Amino acid sequence: MRRKLYEIIGWGILYGCAGITASLLLFLIGYILFRGIGGISWQFLSTAESVIQGTVGILPAIQNTVFVIVVSLVVSIPLGVGAAVYLTEYARNRRFVAAIEFASETLAGIPSIIYALVGVILFCTALKLQKTLLAGSLTLVIMILPTIIRSTQESLKTVPQSYREGALGLGSGKWHMIRTVVLPSSVDGIVTGCILAVGRVVGESAVLMYTAGMSMAMQNFSLDRMASASGATLTVALYHYAKENADFSVAFSIATILLILTVLINFSASFLGRRLKRS
Amino acid sequence: MQVLFTLCGLVAVGFVLVITVYLVLSGIPAIREIGLFPFLFGKTWSASQDQYGILPLILTSIYGTAGAIVIGVPIGFFTAVFLAKAAPKRLANLLRPAVSLLAGIPSVVYGLVGMCVLVPALRNALHLPAGDSLLAAILVLAVMILPSIISLSETALEAVPKEYEEASMALGATKLETYFRISAPAAKSGIAAAVVLGIGRAIGEAMAIMMVAGNVANMPALTRSVRFLTTGISIELNYSQDGSLQRQALFSVGLVLFLFIMLINAFLNLVLKREKEA
């Protein structure tokens with residue numbers, strides 16, 4: 001009898017907790033779409049905020065987000081892939097490998113508000129970049145580096161040893177072997193890492209709020225002005241509208257866009273991950 | 001070429017060193033000026049009175065994290081057992097992407113929903129003057145740590161050898177008894193790692209709780225407006241004068257938070273290492 005009761009309660013708890021998790025997500029999605037989707041229009045996406053016309057637009061935030069993604073990836077991909085190549089292909093000294101892996105794990109565990117502080121001290125103040133998108137992007141480089149290192153490393157490890165031996169046996173040098181055989185066959189993993197990194201950049205707000213500014217005005221991205229562009233990305237814009245302007249319908253519309261981006265990013269990362277596993 | 005790759009590898013180490021050195025260097029002046037004891041155990045944080053004691057911030061961070069763990073871990077653990085062992089395959093395949101979607105939602109979005117749904121609901125349910133409170137922050141944090149607890153525990157549970165479970169069921173235990181008495185204990189270090197990771201997530205979160213916790217540096221109580229270590233930094237960082245004691249005190253708060261995180265990370269590595277050895 002007691003055993004039966006235990007069974008019933010146990011299964012109840014299992015289904016109950018899974019149900020809580022699932023309904024949380026459904027509620028979040030439903031609520032955000034319900035409050036946000038009405039405010040999204042072509043004009044909302046393609047113009048800047050205009051006080052004179054009384055219209056709200058988030059084009060500057062979209063442009064700033066794209067700028068931050070591009071700059072941080074351009075800097076961190078070579079660094080991260082290079083570090084992963086060193087770890088899997090070149091490193092002989094065990095201690096050294098352990099130190100690099102420990103460093104990368106430590107970076108992955110540091111919360112973003114600490115990165116924000118470091119960005120303010122290091123990039124904005126010490127390197128005199130001021131509050132600019134550039135300073136924000138460079139801070140994010142440190143943050144996404146572990147993601148790129150790890151997923152590149154994972155996929156480099158799946159490249160069969162025989163490929164390497166074959167290339168070396170045919171007389172190729174080590175660098176030539178890496179460039180023509182190892183890297184091309186692990187490109188899936190590198191791309192997955194980049195997608196995950198994009199996900200982190202899109203979702204990041206604390207760092208960018210303090211290093212990249214909160215302006216919602218159009219930026220000038222021409223080459224000579226690029227370094228001094230400063231403004232809000234989508235997440236920072238959401239915070240700005242919700243907390244400072246108390247304009248919740250705009251905030252929920254931005255949340256809807258962020259939600260759609262998250263779904264896209266998750267979907268493409270898991271799709272690529274599955275392809276990686278199969279090969 | 002090798003030199004170049006070595007340099008890339010060194011960059012990560014360099015970043016960690018730079019971060020540590022900068023945080024320590026910029027965190028120490030304010031502690032020197034205020035005094036270590038009054039800084040850590042002072043009960044008043046007020047920029048207008050030039051008083052910077054962070055005891056309320058430390059306690060709030062500890063209480064908030066503990067609360068989130070108490071709520072989030074059981075739900076996360078049972079969901080992980082469900083996903084790894086009990087769920088019909090199709091249901092599991094539906095639930096898994098949902099969990100990773102929860103993990104991917106930006107923290108400001110959690111903050112926004114908390115602000116618009118949870119805070120008014122708490123105000124009405126508990127008849128408070130304002131719903132911005134430690135309780136609201138705990139609930140938001142519990143939801144935010146859920147995905148990492150679920151996915152890490154699930155991985156640990158799935159790594160339990162099938163033979164253990166088969167042996168248990170062959171001896172007449174039901175499925176449920178097997179999950180809780182055989183699989184879960186066998187995966188305990190992985191689950192412990194999940195909990196430690198959750199603690200790290202919760203103590204480091206800033207933006208979402210900044211939107212729901214009210215941000216007044218009170219001593220923590222469930223229904224009071226509170227300020228965490230993280231939000232203590234974030235709420236004043238944009239308004240503090242460069243070079244002022246206030247700004248330097250913020251860096252010191254950052255240093256304290258950094259030490260907390262390093263402690264948790266060291267603990268996490270210990271747990272993971274033990275798991276690898278087992």
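**Group meeting: how chains A and B touch**

Hi everyone, let me begin with one helix pair, where A:Thr235, A:Leu238, A:Tyr239 and A:Ala242 of α11(A) meet B:Val108, B:Leu112 and B:Met115 of α5(B). Sorted by class, the residues of this contact are 6 nonpolar and 1 polar, with no charged ones. Please keep in mind that this is a predicted model.

How do the axes of these two helices cross? As for handedness, α11(A) passes α5(B) in a left-handed crossing.

Now let's step back to the whole contact between the chains. Chain A brings 64 residues to it and chain B brings 63. On the chain B side, several helices each supply at least two residues, among them α3 (55-86), α4 (89-104), α5 and α12 (245-277). Which helix of chain B gives the most? That is α1(B), with 15 residues. By class, the side of chain B that touches chain A has 46 nonpolar, 16 polar and 1 charged residues.

Last, a look inside chain A. Where they touch, 6 residues of domain 1 are in contact with 6 residues of domain 2. The domain 1 side of that contact has 4 nonpolar, 1 polar and 1 charged residues.

Methods. Residues numbered from 1 in each chain as written. Chains lettered and ligands numbered in written order. Predicted model: local features only at pLDDT ≥ 70, side-chain atom pairs only at ≥ 80, totals over all residues. Left-handed = near helix turned anticlockwise from the far one by under 90°. Helix = DSSP H or I, 4+ residues; strand = E, 2+ residues; numbered from the N terminus. Contact = placed C-beta atoms within 7 Å. Nonpolar A, V, L, I, M, F, W, Y, C, P; charged D, E, K, R; others polar.
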